[in-house]
Amino acid sequence: MTESTGTADVDGVAAAESGEGVRRRDFINIAAVGAAGVGGVVTLLPLVSQMAPSKDVLAESSTELDVSAIQPGQAVKAVFRKQPVFVRNLTAKEIEEANAVDVGSLRDPQTLAERTKEGHENWLITMGVCTHLGCVPLGAGEGENKGEFGGYFCPCHGSHYDTAARIRKGPAPLNLQVPEYEFTSDTVVKIG
Amino acid sequence: MTRLIGILVGLFFTAAVLWAFVSGAATVISEGELKPATAEHHFHKLPHEPSGGFSFNGAFGKYDKQQLQRGFQVYKEVCSACHSLRHVAFRDLEQLGYNEAEVKAIAAGFQVPGVDPNTGEATTRAGMPTDYFPKPYPNDIAARAANNNAIPPDLSLMTKARHEGSAYVYSLLTGYQDAPAELVKEFPGSAPGPGLHYNPYFANLNLAMAPPLTATDQVSYGDGTKATVDQMAQDVAAFLTWTAEPTLDKRKQTGWPVLGFLLFATVLAYLAKQQVWADKKGKKG
Amino acid sequence: MSFPWANQYEPQNPLMKWVDDRLPLPRFVYNAIGAGYPVPRNLNYFWNFGVLAGFCLVLQIVTGVVLAMHYAPNALVAFDSTEHIMRDVNWGWMLRYAHANGASAFFVVVYLHIFRGFFYGSYKAPREMVWLMGVVIFLLMMATAFMGYVLPWGQMSFWGAKVITGLFGAIPLVGEPLQIWLLGGFAPDNAALNRFFSLHFLLPFVIAGVVILHIWALHIPGSSNPTGVEVKGESDTIPFHPYYTAKDGFGLGVFLFLYCAMLFFLPNALGHPDNYIPANPMSTPAHIVPEWYFWPFYAILRAFTADFFFIPAKLMGVIAMFGSILVWFFLPWLDTSPVRSGHYRPLFRKFFWFGLIPAMAVLFYCGGAPAEEPFVMMSQLATAYYFLHFLVILPIVASVERPEPLPYSITEAVLGSDDNAELKAAS
């Protein structure tokens with residue numbers, strides 16, 4: 001809806017006016033159409049932002065978890081932002097295995113220490129979401145297939161993660177993501 | 001032909017409705033009054049606001065967060081014993097000016113339904129900010145049994161679920177009185193029965209809820225405000241206005257710029273219209 | 001279609017030309033609401049409401065589609081999901097208030113549009129089809145609005161659904177099974193709520209389709225105008241764009257200002273408090289009323305309080321309520337006066353301003369009032385006038401009235417003289 005589609009009729013009348021008159025008249029039309037455009041664009045903002053997470057969803061974006069009952073070698077699945085989080089209490093052997101790997105040879109080079117918190121090196125907390133296409137890897141549950149490297153195994157497309165949940169084999173490009181978390185006490189973790 | 005049929009149909013409808021009118025008029029004449037007198041017509045009072053009104057009245061009115069906090073205290077210490085607030089989550093209380101830690105502490109002070117992680121049995125646990133205010137009764141039957149057969153309604157939307165809702169809550173809480181002798185004499189059926197309390201602001205005049213706010217300093221306000229019955233009623237009415245319409249402040253804050261812009265744009269549109277039409281007014285085109 | 005002097009579409013740039021050669025949509029729009037549509041030059045502001053009604057339809061579809069992204073049509077959670085929209089969804093409160101008040105705004109605009117048609121005789125030949133499509137749109141709007149009001153599943157939603165479907169129960173023999181079929185149960189519940197949601201989503205698009213027919217039919221003879229005199233020549237018309245786009249733009253600004261004032265400062269003024277109470281099948285609100293835009297028809301429904309010979313009062317009320325709108329379908333053939341505009345019809349004008357308008361005002365008022373005296377008697381008299389007006393008075397007035405002299409043409413009405421008229425007189 002631009003003013004340039006105005007009829008010859010209007011243009012003819014406008015052309016007959018003095019040059020200054022033409023500019024002033026054009027200015028009012030352009031301003032009016034411009035104001036309508038600005039109003040239209042601003043109206044889009046709520047229509048777009050209504051699709052973003054609502055307040056109740058955002059409020060659930062942190063999870064607190066008591067880990068005191070998890071024995072070494074065990075893992076639990078917690079829920080964080082409606083997705084699984086694996087909380088694993090690593091055994092000394094698993095830590096040793098993870099540290100024995102040459103970091104330089106990894107697809108996504110990270111040491112175990114970089115993936116855990118100081119003072120809580122036995123707690124490996126990662127998202128339970130395969131970095132390939134988002135399936136939930138096996139290995140957190142009792143008796144599940146832990147893959148060739150003793151960590152996690154994603155059955156969808158065969159990605160193998162090691163005891164530090166780092167990608168070792170298969171199509172996944174990255175290690176299992178470590179969410180933001182902190183130990184609020186010795187046994188309570190706040191994720192998010 | 002259409003017109004003839006139309007006239008006949010029109011006369012038919014007119015006759016039917018006038019027949020109804022005549023029979024209605026006959027009833028009115030035989031009874032000698034337009035509508036039967038009821039106790040509600042005579043004694044029911046329309047709600048009124050506290051003197052000075054509410055802070056959120058009018059197009060510029062805003063919530064007074066201090067007052068909302070006091071009202072919340074009244075709800076928590078008095079109303080919450082019987083009334084739920086099921087649409088409100090503890091996290092919403094941050095809008096009253098509480099910080100995250102305070103909200104957490106308030107939530108933890110409430111027991112909400114939970115599940116025992118070892119046995120799976122229903123149990124209760126301390127509330128978290130994401131929880132909603134817990135219901136005082138597990139279900140309607142329990143609520144009825146505990147309250148003389150009347151279910152205490154949920155209060156989240158109370159001020160929007162009544163005409164002049166904020167004033168209604170205030171008037172109701174301060175409106176308890178003895179039933180007028182006139183009422184007892186003329187409408188014995190409308191006198192408060194056992195377990196009922198006379199309140200002219202309540203639709204049918206008799207309310208199962210006993211006066212909840214009865215004495216000065218029934219709650220002790222932290223901000224030094226004197227907790228008179230009138231003050232507590234105002235505060236809790238304000239709080240319940242917030243629970244029903246938490247977006248009131250934002251709504252008005254959004255409204256003014258929108259109206260300002262529309263005024264500006266409409267004036268521009270008028271000028272543009274005048275300009276476009278300039279050559280069509282009063283001369284041949 | 002349209003007039004021989006209409007501007008022809010000439011693409012402004014190669015892209016538009018390319019599109020127009022393959023799919024003449026730009027040409028179609030140009031001829032429908034652009035400079036290619038010649039419009040009488042004398043339209044007053046009552047002619048703004050058609051465009052505004054179209055705007056309201058778009059507004060309702062946009063806000064409605066967005067609300068449907070958050071609303072859950074299930075009797076257990078419908079009320080809570082509505083409150084979820086009001087409290088937690090980003091701008092949800094604004095979108096819901098925009099939709100609820102948008103329905104009212106739509107009806108305000110459409111009522112003004114309809115009454116403009118009544119006064120200026122817009123329903124008369126050759127525009128009968130425009131009028132018939134318009135009445136169909138109005139009926140579809142009423143159905144859509146009714147079903148939309150049920151969705152929040154508050155007390156008024158529930159009892160509105162029960163009472164309105166109860167109207168069908170008045171039909172002899174098939175009434176009761178029909179009502180049960182409509183609800184998918186013996187009372188409104190999940191089945192009814194789900195189908196109402198489905199239809200509430202569908203019908204606006206049906207309305208949009210009929211709106212296209214309405215505008216299509218309008219473009220055959222072109223717009224009517226306040227004099228009611230048909231366009232005679234080029235000097236009687238001006239192109240829709242820029243003249244009426246500019247005028248409608250200004251009208252839209254005024255409309256949006258009033259609408260937003262309601263939306264942001266009195267968002268619940270037109271609603272009923274009881275709809276903030278969750279539906280309770282065990283307890284009817286003390287005073288149930290539909291939304292304000294149904295009040296005249298609700299008043300007509302309730303006016304029939306006595307059996308009329310063998311017809312029960314309830315059935316009579318239902319017939320009259322539907323009849324009060326159906327009678328509009330026959331208007332072009334009931335009012336046969338050759339003069340279109342109320343401006344030149346002295347007798348018609350009196351009945352319009354001192355009969356129909358007050359009767360409608362009384363029906364509006366009484367439809368919202370409790371079903372007690374004196375409101376019932378008032379609405380009975382107004383209902384009687386309503387039917388007399390359309391079915392008896394209009395046909396009779398058309399044949400006995402002496403219209404005032406009409407201007408020769410639109411140009412003469414606007415400018416005081418028309419060169420063509422003078423030429424004609426001279427010849």
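Is helix 4 of chain C mostly covered or mostly uncovered, and how many of its ten residues are buried? Eight of the ten residues of helix 4 of chain C are buried, so that this helix is mostly covered. 

The views below are drawn from a predicted model, in which local features need pLDDT of at least 70 and side-chain atom pairs count only at pLDDT 80 or more, whereas totals for chains, interfaces and linings use all residues. Residues are numbered from 1 along each chain as its sequence is written, and chains are lettered from A and ligands numbered from 1 in the order in which they are written.

**View 1. Helix 4 of chain C and its buried residues.** Helices (H or I, at least four residues) and strands (E, at least two) are DSSP runs, numbered from the N terminus. A residue is called buried if 20 or more other C-beta atoms lie within 10 Å of its own, exposed if 12 or fewer, and partly exposed in between, with C-beta atoms placed from the backbone. In helix 4 of chain C the buried residues are C:Ala78, C:Phe79, C:Ser81, C:Thr82, C:Glu83, C:Ile85, C:Met86 and C:Arg87. These buried residues pack against helix 3 (49-68), helix 5 and helix 9 (190-219) of chain C, where two residues are in contact if their C-beta atoms, placed from the backbone, lie within 7 Å.

**View 2. The crossing of helix 5 and helix 10 in chain C.** Two packed helices are described by the angle between their axes and the distance between the axes. Helix 5 of chain C and helix 10 of chain C pack at an angle of about 135°, with their axes 10 Å apart; axes are lines fitted to C-alpha atoms, for helices over the stretch in contact, and angles run from 0 to 180 degrees between N-to-C directions. The two helices are therefore oblique to each other, given that angles under 35 degrees count as roughly parallel, over 145 as roughly antiparallel, 65 to 115 as roughly perpendicular and the rest as oblique. Their crossing is right-handed; a crossing is right-handed if the near helix is turned clockwise from the far one by less than a right angle, and left-handed if anticlockwise. From helix 5 of chain C, C:Tyr97, C:Ala98, C:Asn101 and C:Ala105 meet C:Tyr259, C:Met262 and C:Leu263 of helix 10 of chain C. Six of the residues in this contact are nonpolar, one is polar and none is charged, where Ala, Val, Leu, Ile, Met, Phe, Trp, Tyr, Cys and Pro count as nonpolar, Asp, Glu, Lys and Arg as charged, and the others, Gly among them, as polar.

**View 3. C:His241 in helix 10 of chain C.** C:His241 counts as buried because it has 25 C-beta neighbours inside 10 Å. The C-alpha atom of C:His241 is separated by 8.7 Å from that of C:Tyr30, although the two residues are 211 residues apart along the chain.

**View 4. The contact between chain B and chain C.** Chain C gives 55 residues to this contact and chain B gives 51 residues. On the side of chain C that touches chain B, the elements that give two or more residues are helix 4 (78-87), helix 5 (92-120), helix 10 (240-265), helix 12 (313-329), helix 13 (331-334) and helix 15 of chain C. Helix 10 of chain C gives the most, with 14 residues, and by class this side has 39 nonpolar, nine polar and seven charged residues.

**View 5. Helix 1 of chain B against helix 15 of chain C.** Helix 1 (residues 2-31) of chain B packs with helix 15 (residues 375-400) of chain C at an angle of about 165°, their axes lying 8 Å apart, which means that the two helices are roughly antiparallel. The crossing of helix 1 of chain B and helix 15 of chain C is left-handed, and the residues of their contact comprise 19 nonpolar, six polar and one charged.

**View 6. An open sheet of three strands in chain A.** The strands stand in the order 2-3-4 and pair antiparallel; two strands pair if DSSP finds at least two bridges between them. Strand 2 (75-80) and strand 4 (123-127) of chain A are at the edges, each with a single partner strand, so one side of each is left without a neighbour in the sheet. The twist averages 25° from one strand to the next. Strand 3 (residues 83-89) of chain A is joined to strand 4 of chain A by five bridges, and A:Val87 stands opposite A:Ile125 in strand 4 of chain A.
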